[in-house]
Amino acid sequence: MRTISVANQKGGCGKTTTCINLARALALSGKRVLAIDLDPQAHMSFGLGVANAATDKSIYNVLTDTSEKRRTLDDCIMNVSGRLDIIPSNILLSTIEQELKDTQDAVSKLHHILADQALPYEYAIIDCPPSLGFLTFNALRAADLVIIPIDMSAFSLMGVGKLLGMLELIKLKIGHAPQVKALATLFDRRTKYSQVMFDEIKTFFKEEMLETIIRTNVALKKAVAKGVSVIDFDKECNGALDYCALAQEVTRGEASAEFEAALRETTATGDALITLTPPRVEAPVTVAIEKIQPEEKKREAVSATRTENPREAAFTIKAPAAREVYLVGDFNHWKINDESKLNRDKDGIWEKKLGLPAGKYRYKFVIDGEWVLDARNADKEQNPYGSFDSIIALT
Ligand SMILES: Nc1ncnc2c1ncn2[C@@H]1O[C@H](COP(=O)(O)OP(=O)(O)O)[C@@H](O)[C@H]1O
Ligand SMILES: [Mg+2]
């Protein structure tokens, strides 16, 4: 599991917005993600729609040493949607420093809790409070990567030195040195000032600056007020595009085939994020694939030009609760568009017939943004990105 802490003691620079949307974009790209809200104000919890969390099942209960309040990590994990889970926060968290101050190694408490068990996540995303206290120290100590959002406003670089100082201290005292990357946020292309600030920040951080720039986009504010990620709010707005690009940059090098394909679609056509809509697969998904060879096709199969004659393959999947289903694979360059869309019948079975030359093809279904294998087709192969694709061989 890779732990990413989003920290900056300056309030309003986009920490929570970054956590919410990076976490959701990663989850929609197929990664299992645990969001951890380490701010007693619980903005990330609210922003992800977790307004009704049990008050005795928050990150406070994970960190506390008071036996009657203490809970396991598993006890406090709530599902947000699909592959995204959260450990919510609670105002009680503001008392934890006082409570633990005499405990040995209290600043590494979160690190030990996360490191001491094999958690079924590829990423943990930690939202920090707007201060450089005990909680932020714990988050930095637990992090493999620290993202520092910096908004394009006056004084935004002031104070960053203190955060870097804290990281230096952690390196000296504990020997822990996470990767550090600055992220430009609230960038407004219409103002010259944003560019000036950006240049200043770039000069300061040099290569330690993420390439993705988060533009000012009002949809980000609206989404948080509704308790959903910006991708769920409006998958085509600049905020959604920027945070998906950030997720891609974060996963670069280990990006799954699915994510690469989804983002390729996004950037190539601009009809963005059609693949990154929230999963809504309530019913169990069953998939059937059958090769249809009408009489004339069977005859073609024995003809000399067999490889040039398309075989007709019907791909079907039962997903009554799905809003949209696509079939992507080698045969359509993994592109999600109108051509790869399946039609639904009245029983919730989605179907696509394709005429394909004989050969072996890799493919997957995309159900409301969720990339799934063909569950009824045992034929699958690992792809270069570590996950599996279903295989169909047409002879
Ligand atoms: N790129 C953006 N465009 C427009 N509004 C933004 C953007 N990023 C953050 N905001 C808004 O700015 C405010 C502060 O952002 P937030 O993420 O809560 O900052 P922090 O967690 O650092 O205090 C929120 O109202 C949020 O909706
Ligand atoms: Mg915040």
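Helices (H or I, at least four residues) and strands (E, at least two) are DSSP runs, numbered from the N terminus. Keep that in mind for the names I use.

Two quick notes. This is a predicted model, where local features need pLDDT of at least 70, side-chain atom pairs count only at pLDDT 80 or more, and totals for chains, interfaces and linings use all residues. Residues are numbered from 1 along each chain as its sequence is written, while chains are lettered from A and ligands numbered from 1 in the order in which they are written.

Let's start with the ligand. A residue is near a molecule if its C-beta atom, placed from the backbone, lies within 6 Å of it. How many residues surround ligand 1? There are 17, and the closest are Gly14, Lys15, Thr16, Thr17 and Lys221. Three elements, α1 (15–28), β7 (179–187) and α10 (218–226), each give at least two residues to this shell. By type, the shell has six nonpolar, nine polar and two charged residues. Here Ala, Val, Leu, Ile, Met, Phe, Trp, Tyr, Cys and Pro count as nonpolar, Asp, Glu, Lys and Arg as charged, and the others, Gly among them, as polar.

Stay with β7 for a moment. Leu186 lies in that strand. Its phi is positive, near 50 degrees, and Leu186 is not a glycine. Is Leu186 buried or exposed? It is buried, with 22 other C-beta atoms within 10 Å. The cut-offs: buried is 20 or more other C-beta atoms within 10 Å of the residue's own, exposed is 12 or fewer, and partly exposed is in between, with C-beta atoms placed from the backbone.

Compare Asp105. It sits in the loop between α5 (96–100) and α6 (109–115). Asp105 also has a positive phi, about 60 degrees, without being a glycine. Asp105 counts as exposed, because it has 11 C-beta neighbours inside 10 Å.

Now the cores. A nonpolar core is a set of buried Ala, Val, Leu, Ile, Met, Phe, Trp, Tyr and Cys residues joined through C-beta atoms within 7 Å. The largest has 77 residues, and Leu22, Ala23, Val33, Ala35, Ile125, Ile126 and Ala139 touch the most other members. A second, separate core of 20 residues includes Ile317, Ala319, Phe365 and Ile392.

Last stop, Pro310. Where is Pro310? In the loop between α14 (295–301) and β10 (311–318). Pro310 is partly exposed, with 14 other C-beta atoms within 10 Å. The C-alpha atoms of Pro310 and Ala358 are 6.7 Å apart, across 48 residues of chain.
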